[in-house]
Amino acid sequence: MLRRAMAEAGLHETGEDDLVDTVLLLASELCDNATLHAGTEFEVDLSISPDEVLVGVTDHGAGPLEVYLAQPRPRFGRAATHGRGLMLVEQLASPWGTRHERDGRHRTWFSLARGVPVDGAEADDRITADPTFTNERTGTNERTGTNERTGTNERTGTNEAGPGARASSDGGLAARPVPGVTDPSPEWPDTDQVRRLLHVPAALSVRLDMPELVAELARRLREVLRADGVTVEVDHGDGSGAIPLAQDGADPSSLPGTPFVEIPLPLTAPLRGMLRILAGTGSAVAPELAELTAQRMALAVEMDWLRGADLRRRAWMAYLADASELFGQSMDVELVVPLVPQVVVPRLGQWCAVHLLDEAGQLQLAALTHATDDTIPDLRAALDPSPPPELARQLSDILAGSAAPAWFSEPTDGIAIGLTARGQPLGALVVGRPAQRPHTPEDVALVGDIARRASLAIDNARTAAAHIATSQALQQALLPRALPAGPGVEFAAEYLPASAGSDVGGDFYDVLNIDATHWLASVGDVCGKGARAAARTGMVRDVLRVLIREGRSLTRAVALLNDVMMDVADPSQFCTLALARISRAGKDQPPGLTVELVLAGHPQPVLVRADGRTELIGQYGTAVGLTSEVRLAATRHHLAVGDTLLAYTDGVTERRAGREQFGPERLLAAAGPAAGQSAPRLIATVRSAVQAFSTDPRSDDIALLAIRAGKPA
């Protein structure tokens, strides 16, 4: 394209083939730079005049080219040769430069002279008048080096606007007549003064904080330049605007119509700063000294800002770590959600609210707090049941999938950020602005981070709650909904899980009403926990019910149950079982109950007599599901009126307090005082004794089943 354009302009016909080749070489290098460093599309513009060929390459990168050139160059591979293009441009081109636009466009240009160079004055006039080469921020022409605001040539250090010219407050040049001086040209002070201006002893700089150091430099600059006043202001880019940092003498900006010199402090974004100098009578500002001092001040400001930023970053890292720890300490939604506003306020805002979607998909206020407790009722009234219209629209956009923070102005200024987990919206986190300032970009980033962590914590808590609800429902399904009741017999039972979490225990109890005078009571313990133990528990209970209803004896029913469990071929899921067939005494028998008892590897039940005597009854047998052959023995016992039979699982006797176990002896001692009392009262007495034995959390489930012989109807 460039070759054709130069051919159409007649460069080949005038014998400028070398110029054409140089233009093509340099343009190709700039195009390569745009492709490699910016990674975007680029445009090439060509301007041919009788005196020069001007070429520009514009890319759309995300940052200035200097950012890429400042990175360490790889020492191997193709990337090791990158960055040579600008070296060629510098060596072969006449003037060249770069221009960075606010919209992200970056333009690199160069010019090559044709034939005899143009007259220097005419070229300077043309270049100076061309706004393409003027940097909007500094006012410096990129080809001539002349600052169009101060008149100072940035390369030579001379003032091209003439002696006595100074930059006015509006950026223009104004000559200030000085009485008795026809040419107030800036004069350099002696070496000792310059050294004192720029050199601050280490012992002094250590004792001074940043504002004091800048104030000291301003005072020295005023003395060296014999200026009437020096001021320094800095904008930290946090929304609070420029703030005065140091002042010595008169404030130039407070004297309308008085010309003064403004020198930007060379700071890194988002920092900005300005040094203002009001020259004294009969003196002029030496721009080199002022710029060197501005650089020294900028160094102090930036180092202080970096130290502060590092401390803030460390504090925020610790803050986020603490927030994650707090969010992760509970898996209860009712505890996690109210914790989120407490973490946010007051560090990130004056108030905070959490809105969550309910089961119907409607947004509801779930938690709220304010730095001032007295304001919480009014704030709640403003947000619940419906937030202000502007905030409501922002929340609707967030739930619709908007990932960007939403800004609102009612009930106060603030931001709203969506709560999302696993790609699904949970609600929104709404944070009011901090006291005395708006939210900074750093605040917004931290609120977003808190929102992500809170979303995960809330989602995890909801998932855990769903698992717990499912497990508890399954556990309740393994227990009878209600115990049967009849004349002359009383049943009572209680189940104490080791935890209220999602683990399903293998302990169970069951009472089956066989007919009007016969019942089957069973207490068992399936090895293990969780879904497998729950499935095996349900199988044991249901198989026993079917076998007993078919009229099989207790020993035969247990043997058949063992065959069923052996067919599963999972010896880790064995079961201990206490099985009792209870019969009401006939007319010709002593009043009370007759109990036929079979123990399959289960602890012996406690027989509590009405007179307070206690004993362990039954004969041990083989646990179910361990071996193909089981040894079982059925024993018969009589319960007189007022006697109670208490069956239990090993969670009672194996309850530990240090190295000691509760044991059968303590069980007998605990059951004795409840003799003659109701079956529920006996269970409550034993349970209290077991719980009082140790304060440690229970490691095993407990099932208790009491059968009491009552008076016949």
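**Labels and the values behind them**

Author: Among contacts in the protein chain with a separation of 6 or more, 61% are between residues 24 or more positions apart. The model is a predicted one. Its protein chain has 18 helices and 27 strands, and buried residues make up 45% of the 713 residues.

Reader: Why does Leu278 count as buried?

Author: Buried means under 20% relative accessible area. Leu278 has 4% relative accessibility, so Leu278 counts as buried. The residue is found in strand β10. Leaving aside residues up to four places away in sequence, Leu278 touches Ala227, Asp228, Gly229, Ala250, Pro252, Leu255, Thr258, Pro259 and Phe260.

Reader: How far apart are Leu278 and Arg222, in sequence and in space?

Author: Leu278 and Arg222 are 56 residues apart in sequence, and their C-alpha atoms are 8.9 Å apart in space.

Reader: What makes Arg536 buried?

Author: The same cut-off applies, under 20%. Arg536 is at 7% relative accessibility and therefore counts as buried. Arg536 sits in helix α14 (residues 531–549). Not counting residues up to four places away in sequence, Arg536 touches Val526, Met565, Val568, Asp570 and Gln573.

Reader: Which strands lie at the edges of the open sheet that holds β8 and β9?

Author: The open sheet has four strands in the order β8-β7-β10-β9, with antiparallel pairing. Its edge strands are β8 (242–249) and β9 (261–264), each of which pairs on one side only. On average, neighbouring strands of this sheet are turned by 15° against each other, with direction ignored.

Reader: What packs on this sheet?

Author: Helix α8 (residues 210–225) packs there, touching β7 (229–235), β8 and β10. The direction of α8 makes about 40° with that of β8.

Reader: How do you know that β9 and β10 are paired?

Author: Two strands pair if there are at least two bridges between them. Four bridges join β9 to strand β10 (residues 272–278), and the two strands run antiparallel.

Reader: What holds the strands of a sheet together in general?

Author: Strands of a sheet pair through backbone hydrogen bonds, in either a parallel or an antiparallel way.

Reader: Why is strand β24 called mostly covered?

Author: In β24 (residues 644–648), five of its five residues are buried. Both faces of β24 are covered: Thr644, Leu646 and Tyr648 are buried on one side, and Leu645 and Ala647 on the other.

Reader: Which strands does β24 pair with?

Author: Strand β21 (residues 606–608) is joined to β24 by three bridges, and the two run antiparallel. Here Val606 has Leu646 of β24 as its bridge partner. β24 also pairs with strand β27 (residues 702–709) in the antiparallel sense, over five bridges. Tyr648 has its bridge partner in β27 at Leu704.

Reader: How are two packed helices described?

Author: They are described by the angle between their axes and the distance between the axes.

Reader: Why are α9 and α13 called roughly parallel?

Author: The axes of α9 (residues 287–328) and α13 (residues 441–477) cross at roughly 20° and come within 10 Å. Angles under 35 degrees count as roughly parallel. The helices α9 and α13 are therefore roughly parallel to each other. Their crossing is right-handed.

Reader: Which residues meet where α9 touches α13?

Author: From α9 come Arg312, Trp316, Tyr319, Leu320, Ala323, Ser324 and Phe327. In α13 they meet Glu442, Asp443, Leu446, Asp449, Ile450, Arg453, Ala454 and Ala457. By class, this contact has nine nonpolar, one polar and five charged residues.

Reader: What angle do α17 and α18 make, and what is it called?

Author: The axes of α17 (residues 663–671) and α18 (residues 679–693) come within 9 Å and cross at roughly 135°. That angle makes α17 oblique to α18, since over 145 would be needed for roughly antiparallel and 65 to 115 for roughly perpendicular. α17 passes α18 in a right-handed crossing. Arg666, Leu667, Ala670 and Ala671 of α17 make the contact with Leu682, Thr685, Val686, Ala689 and Phe693 of α18. By class, seven of these residues are nonpolar, one is polar and one is charged.

Terms used:
Residues are numbered from 1 along each chain as its sequence is written. This is a predicted model: local features need pLDDT of at least 70, side-chain atom pairs count only at pLDDT 80 or more; totals for chains, interfaces and linings use all residues. Side-chain values use heavy atoms; hydrogens and water are left out. Axes are lines fitted to C-alpha atoms, for helices over the stretch in contact, and angles run from 0 to 180 degrees between N-to-C directions. A crossing is left-handed if the near helix is turned anticlockwise from the far one by less than a right angle, and right-handed if clockwise. Contact means heavy atoms within 4.5 Å. Ala, Val, Leu, Ile, Met, Phe, Trp, Tyr, Cys and Pro count as nonpolar, Asp, Glu, Lys and Arg as charged, and the others, Gly among them, as polar. Buried means under 20% relative accessible area, exposed over 50%, partly exposed in between (1.4 Å probe, protein chains only).
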